[in-house]
Amino acid sequence: MAVFIGLSAIGPVAPDARAVSMDAANAGNASSAGNATSEASSARQAPIRLALIEGLSGPLGNGGEAVFRNLVWATERVNARGGVKLPGGARPLELVRFDSKGSVEESLAMLRAATDQSIPFVLQGNSSAVAGALIAALDRHNAREPARRALFLNYAAVDPVLTGAQCSFWHFRFDANTDMRLAALVEVVAQDRALKRVYLIGQDYSFGQHFRQEARAMLARRRPDLEIVGDELHPLGRVKDFLPYATKIRASGAQAVLTGNWGNDLTLLIKAARDIGLDARFFTFYGNALGVPGVLGEAGVDRVLAVAEWHPNAGTADSERFYAAFRQRFPKPEHDYLHARMQLMVEMLVAAIEKAGGTDPKAVARALEGLRLDARPLGVAHQGWMRASDHQLQQPLVVSVMRRAGEAGTAHDNEGSGYGFRTLRDLDAAQAEQPSTCRMSRPG
């Protein structure tokens, strides 16, 4: 018997919310989930199902649950305005949970479960290794079973190979890739002429390996005088004590640490650095969320930098409204983890479905190619366009630095920590864009 998890389990459901989630262990019965949608008129039409394949348990489960909250809110907001407008009538979105437990093998099993149910859209992001496996499997599945094709929307797996050598017609990335994020951070590093020694550390899988290689190359081009005093990789999600790593960083004399770590691997690394009093700046992809500001406290002020497509202290009127609405939906401080790109992803999918006139993955993919969307009128503080050549979203990026909440430029804190992030450098989409190496094979 299927067990359905109501959204009220993670916060009060807005009156018009119609997104429904279910336990991945019962994914085989997901087809009945439509019966649990709200009584709104759009629910008379079959819901458009989105399969979230993510690590929702295990050592990196906190990241998966944070993603889930973002996507719940995105689908709720679409449904609250009537759903997806199609010729046969508006249809609500339905979010279905598939817990991959952070495993490649389990992710592939969840993909099979989703495609067995003919769910047309698959969402995943936490781990480029998982994303690469899903792309390869989906390419084979879509060629073998054209009547049950699916489209893969990636919100966080940033290894450039996914839109480079492994690019696929069936995969679209909505996060800035490693090279885009890294180039923004290196630009800030290059401007700090007092910085002479830097340490590289990352997770030992495809993304971390590329991060290390490209960081070396970019630093050599932009700051050939910089000395790289350490360079190492560690197992993904398995290190419980980063004290030995922090000790090595301190012994190296590094003034800065450049890392792509995410989830607990980042939180524990920076916690260890704080515990030993490491006096170095951390240039990160994800240092502004999932517990890092609260762990660091005063030790992170002016020392932790992050790069993202948006942050709560962007300072514009639309940004303030966007952030206030999310905090109203998820008022607990520990749930304060909002990514504009995930909201934009859902809005662009809706726009592409409406443009295609239906949910056929091939037609929706063609509608997504080249699509430009300024989502600010929809209440999302973000905009972007989908590059057709490789399906990499082009979007603005911002580098920010941790500061005390209440200071100029830092009106909002992160996760109730008393510390937030202030903008250091804005890059528009043209400045953030990197060359494409994709040679895409397209279906006839």
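Modeller: What follows is a set of questions and answers about the terms applied to this structure.

Modeller: This is a predicted model, in which local features need pLDDT of at least 70 and side-chain atom pairs count only at pLDDT 80 or more, while totals for chains, interfaces and linings use all residues. Residues are numbered from 1 along each chain as its sequence is written, and side-chain values use heavy atoms, with hydrogens and water left out.

Colleague: What makes up the secondary structure of the chain?

Modeller: The chain has 12 helices and 17 strands, where helices (H or I, at least four residues) and strands (E, at least two) are DSSP runs numbered from the N terminus.

Colleague: Why is the chain called as compact as a globular protein of its length?

Modeller: The radius of gyration, taken over C-alpha atoms, is set against the globule rule, which is 2.2 Å times the number of residues to the power 0.38. For 444 residues the rule gives 22 Å and the chain has 21 Å, which is close to that value, so the chain is as compact as a globular protein of that length. Along the principal axes, the C-alpha atoms fill a box of roughly 65 × 45 × 40 Å.

Colleague: Why is S107 called buried?

Modeller: Buried means under 20% relative accessible area, exposed means over 50%, and partly exposed lies in between (1.4 Å probe, protein chains only). S107, which is found in helix 2 (residues 104–116), has 0% relative accessibility and therefore counts as buried. In the chain, buried residues make up 60% of the 444 residues.

Colleague: Which residues is S107 in contact with, leaving aside neighbours within four places in sequence?

Modeller: Contact means heavy atoms within 4.5 Å, and with those neighbours left aside S107 is in contact with I53, S100, V130 and L134. I53 belongs to strand 3 (residues 48–54), and because its relative accessible area is 0%, I53 is buried as well. Not counting residues up to four places away in sequence, I53 touches several residues, among them F98, M110 and L111.

Colleague: Why is R439 called exposed?

Modeller: R439 has a relative accessible area of 70%, so with the limit at over 50% it is exposed. R439 is found in the segment after helix 12 (429–432).

Colleague: Why is D302 called partly exposed?

Modeller: D302 has 33% relative accessibility, so D302 too falls in between and counts as partly exposed. D302 sits in the loop between helix 8 (292–296) and strand 12 (304–308), and its phi is positive, about 65°, although D302 is not a glycine.

Colleague: What makes F169 and W170 an aromatic pair, and why is the pair called edge-to-face?

Modeller: Rings of Phe, Tyr and Trp (its six-membered ring) pair if their centres lie within 6.5 Å, and planes under 30 degrees apart count as stacked, over 60 as edge-to-face and the rest as tilted. The rings of F169 and W170 are 4.9 Å apart centre to centre with 85° between the planes, so they form a pair and the pair is edge-to-face.
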